[in-house]
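Hello,

Here is the structure I promised to pass on to you.

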Amino acid sequence: MVEARRTTRRAFLVHGVLAGGLMVVGPGFLAACSSEPASGTSGTGTSGSGGAGSAGAPGSSAAAPAGAPQRGGTLNFAISAGAITVDPTAVGDNGSIWTVSTIFDRLYRSTTDGSSAPSLATGHTLSDDGLTWTFPLRDGLKFSDGSDLTAADVKFSIDRSTASDENGYMNVAIDSVTAKDDKTVVIVTKYPTDLIGIVSYFSNGVLPNNFGGKSEKEFFDAPVGSGPFTMTSWQQGQKLTLGRNEHYWEEGKPYLDSVIFVDVSDDNSRILQLEGGKVDLIDSPPWSQVQQLQAQPTLAVKKYDSTLVYFLNLSQRFAPLADVNVRDAINTAINRDALVKVALFGNGQVAGSIFTPSWPYYDESLKPVVQDIAKAKEYLAQSSQPNGFDVEFAIVGGDVVQTTVAQQIQADLAQIGIKVTIKNFDPNTLEDMFGKGEYQIYFDSLSLDVMDDFENVPYTVDPETGGEAASANYDDKQLVDWATEAGKTTDAAQQKTLYQKIQQRIYEVAPFLPLYYVPYVYAMSKHVQALTVPATGDWRLEDVWLTK
Amino acid sequence: MTSSVVAAGRAGRREVLVRGVRGRLFAALGRIVQALPIVIGVTILTFLLVHLIPGDPARALLGPRATPAAIQALRAQWGIDEPLPLQYWDYLLGLLHGNMGTSLFYDRPILPIIGSFLAPTLWLIVGAGVVSVVISVPLAMAAAMWRGKVVDQVIRLVSQVGLGAPQPWVGLLLILVLSLKVSLFPVAGFGDGLSGHVWSMLLPSLTVALGMAPILIRSLRAQLIETLQSDFITTARSKGIGGGRVLVIHALRNASISALTILGLNLAWLVSQTVVVEAVFALPGLGNLLVNSILRRDFPVVQGLALVFALTVIVINVATDIARSVLDPRVSV
């Protein structure tokens, strides 16, 4: 018995090491085999349509002549965060906003070239005093249930939006909405303002007057709109199905029979579903996987210019950050190029202005601040904290990008004697902290949902709105005045002057430190054609068609 | 494992009362009733935990542009601005009337919501249990029969690795190899129809089972070894009954008791695994619902799920005990 045991122990060691080694090395081989080496080989090609898709060009890729659009088919879309509600006045998250935009159409809609174009309306006229806007409606407009769409429906919808808690702020300039006749909507404003952006806002999507006789709850269980699609079924949190609206006003569109949104929050799972052919389209692949996806011959990756900017919100409740020299020191110590390279894997652009290039009146003369450690040290020496200080950086726990950015900035600031402690929170807690101003440095973002700076600027600079400035305890009377003025004029030249002054001042005073702009990235099977995504992010699914 | 010794002592006294189907049923009901204070304790604990962590569902639902007035109005509408004891009392009263409340986010009653997310999780738990037994029993048998030899060592080593491997990683690896490299299984989702569900749930069940199996193998192996060396096996052998039959008929039956016990004891672990595995395989199950509801601070859903899980674990534990008592007359419910 003793003999046998001794042999067994040695055999165990040998076999154990072999088995253990295989266990460790094996998966590595498997992982390497499953994705082609991205560097070198097909890297530059970026699957053809990748190049044409960027720079906000309408989705039909110039490099891929796939012929005339074919009608039919179902688009399976695995989305990272699906809709939470389909009531256009109650939406706040992108998933809901963009889904709602396919169901409910509006008087005007934002386009891919940075403006708004007539949708339900055919155009508009403005009275001499700049207060009365008249919108004639298209002929033959119908809702998805076949009933006629008239001015009374538009009035009901806009009034409802004005009264909503979440989105009413956008309609604050509206004094009255009248249905002059069945086909004419007249909106009177309290002061001259750019109403086109306002009526393009998703919250002003048009529903039937009085919900077509149903109760509000009944209506939103089976919503009726005039957008390209209707909602045919919805298992909340799981799957939402859209069907073609046969009464949609744009001739021939949508091409798709249906769209199925599947909620898949796990990044890896989304990619696997696309690679496995279970879905045709996914959003937001992790930056580290973009290149690997581009290298796959059956897939296409498209990047669309967005209105997204990421920045640091510095709380001036925390004494050191109330000192502009300290903020300048931080601003000059950050290596933005490294951030784009390391956190975004190159899929972004360093930011100068807090506006992104796609926002109206973007000031491109405001260059991104380049890292200069010597200069940063000078700023700090002149400040109230010449010996550095400790500061806390609040981010979403487990978020790879935020963690990388925070670590990078932590290393940057260490060079000038500022010690950063990174604190992880779950998103809900973080939002709460932000609302109450209970943070020191906060990783923040802004995006526009309409081509009108008014949606974001008061929210950013006016503490009364309870937004960015309120959380940062930053009250700049001059900025607030400019922002208010800009919202009360229809003169484009005047708007430009004001919004550029606002950008410049934010750039100088640096209450917020813009880091980078990122595109919206979608990966899809090669069968998906013509995915158009304007900078506001609301996909034009009515343009999409599928090849066999 | 140790409970059979304790139970044998108890059985002497209670054996007369607990034999037979009716006896067992009454005993089971008694156990469940005894467990009700535990269930209430669970609901109190969950209630406190989820309400006391920072975060506001009203703010989350209304979005970043909502005014403080709007947030306050919604909180009042939902009744979540009242003192905590009062809120809990209302909740308890509702429960007694069979009303589990309404989801803050979905604006629908809780039970139907839980119902719509239930199926994948049930499949996963049952599937994981079945697959782990299917994996563990032959391996444990092999390890026990060739105890000390290479087979035994490898099985034990590999199962150690399985214990340490994180489920999400295992799941992704399985998908990569078995769904992408060779399209043997669907990449994700729950599938349609019975065969669709079976095919879709095999990999997720395997993922969880690979974490469960090491524990089962280790204890089954120990049980089998002990049983193989016990007196009644020696007696059977001396009567001329062959090794394989001996193992299967006698030893396995004994060992199956502990397998069941271990599965039942680890039900809570199984349930917790559904959370990570459902995310990887995009299964619309209770684990997903729980995580999202916690992130959104959807209090009624979190409380509802905690209640459902607590009740399930208790019922399953009682059912396990009944099954054990059927298999082993020494054990009483």
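Two rings of Phe, Tyr or Trp count as a pair here if their centres lie within 6.5 Å, with the six-membered ring standing for Trp. Please keep in mind that this is a predicted model.

**Aromatic rings**

With that rule, 31 aromatic pairs turn up over all chains. One of them joins A:Tyr439 and A:Tyr442 in a tilted arrangement, with 5.3 Å from centre to centre and 50° between the planes. A:Tyr439 counts as buried because its relative accessibility is 7%, and A:Tyr442, at 9%, counts as buried too.

How buried are the two partners, in relative accessible area? A:Tyr474 is buried with 6%, and A:Phe512 is buried with 1%.

Ring pairs also build a cluster, made up of A:Phe77, A:Trp98, A:Phe261, A:Tyr304, A:Tyr520, A:Tyr522 and A:Trp539.

Some rings have a charged side chain over the face. A:Arg138 lies over A:Trp249, 3.8 Å from the ring centre. In the case of A:Tyr191, the residue over the face is A:Lys488, at 4.5 Å from the ring centre.

**Where the chains meet**

On to the interface. Here 43 residues of chain A are in contact with 41 residues of chain B. Between them the two chains bury an area of about 3700 Å², and carbon and sulfur atoms give 61% of that.

As for polar links, there are 4 salt bridges between chain B and chain A, and 11 residue pairs are in polar contact across the interface, both residues being at pLDDT 80 or more. Which helices of chain B supply at least two residues each to the side that touches chain A? They are α3 (57-62), α6 (110-145), α7 (150-164), α8 (167-181), α12 (267-280) and α13 (286-296). The largest share of that side comes from α8(B), with 8 residues.

**Salt bridges**

Over all chains the count is 26 salt bridges. One of them links B:Arg59 to A:Asp432, and the closest N and O atoms are 3.3 Å apart. This pair crosses between chains, running from helix α3 of chain B, which holds B:Arg59, to helix α13 (residues 427-436) of chain A, which holds A:Asp432.

Within chain A, the side chains of A:Asp475 and A:Lys477 meet in a salt bridge with an N to O distance of 3.3 Å. A:Asp475 counts as partly exposed because its relative accessibility is 48%. A:Lys477 has a relative accessibility of 59%, so it counts as exposed; the cut-off for exposed is over 50%.

The salt bridge of A:Arg540 with A:Asp538 has its closest N and O atoms 3.5 Å apart. Here A:Arg540 is buried at 10% relative accessibility, and A:Asp538 is buried at 3%. Elsewhere in chain A, salt bridges that share partners join A:Arg71, A:Arg244, A:Glu246 and A:Asp257 into one network.

**One residue in chain B**

Finally, a note on B:Ser200, which is placed in helix α9 (residues 193-228) of chain B. Why does B:Ser200 count as buried? Its relative accessibility is 8%, and buried means under 20%. If neighbours within four places in sequence are left aside, the contacts of B:Ser200 are B:Pro186, B:Gly189, B:Phe190 and B:Gly191.

Best wishes

How values were computed:
Residues numbered from 1 in each chain as written. Chains lettered and ligands numbered in written order. Predicted model: local features only at pLDDT ≥ 70, side-chain atom pairs only at ≥ 80, totals over all residues. Heavy atoms only, no water. Phe/Tyr/Trp six-rings, centres within 6.5 Å; stacked < 30°, edge-to-face > 60°. Buried < 20%, exposed > 50% of the residue type's maximum accessible area, 1.4 Å probe, protein only. Lys NZ or Arg CZ within 6 Å of the ring centre and 35° of its normal. Contact = heavy atoms within 4.5 Å. Buried area = accessible area lost by both parts, 1.4 Å probe. Polar contact = N/O pair within 3.5 Å; in protein donor to acceptor, adjacent residues only side chain to side chain. Helix = DSSP H or I, 4+ residues; strand = E, 2+ residues; numbered from the N terminus.
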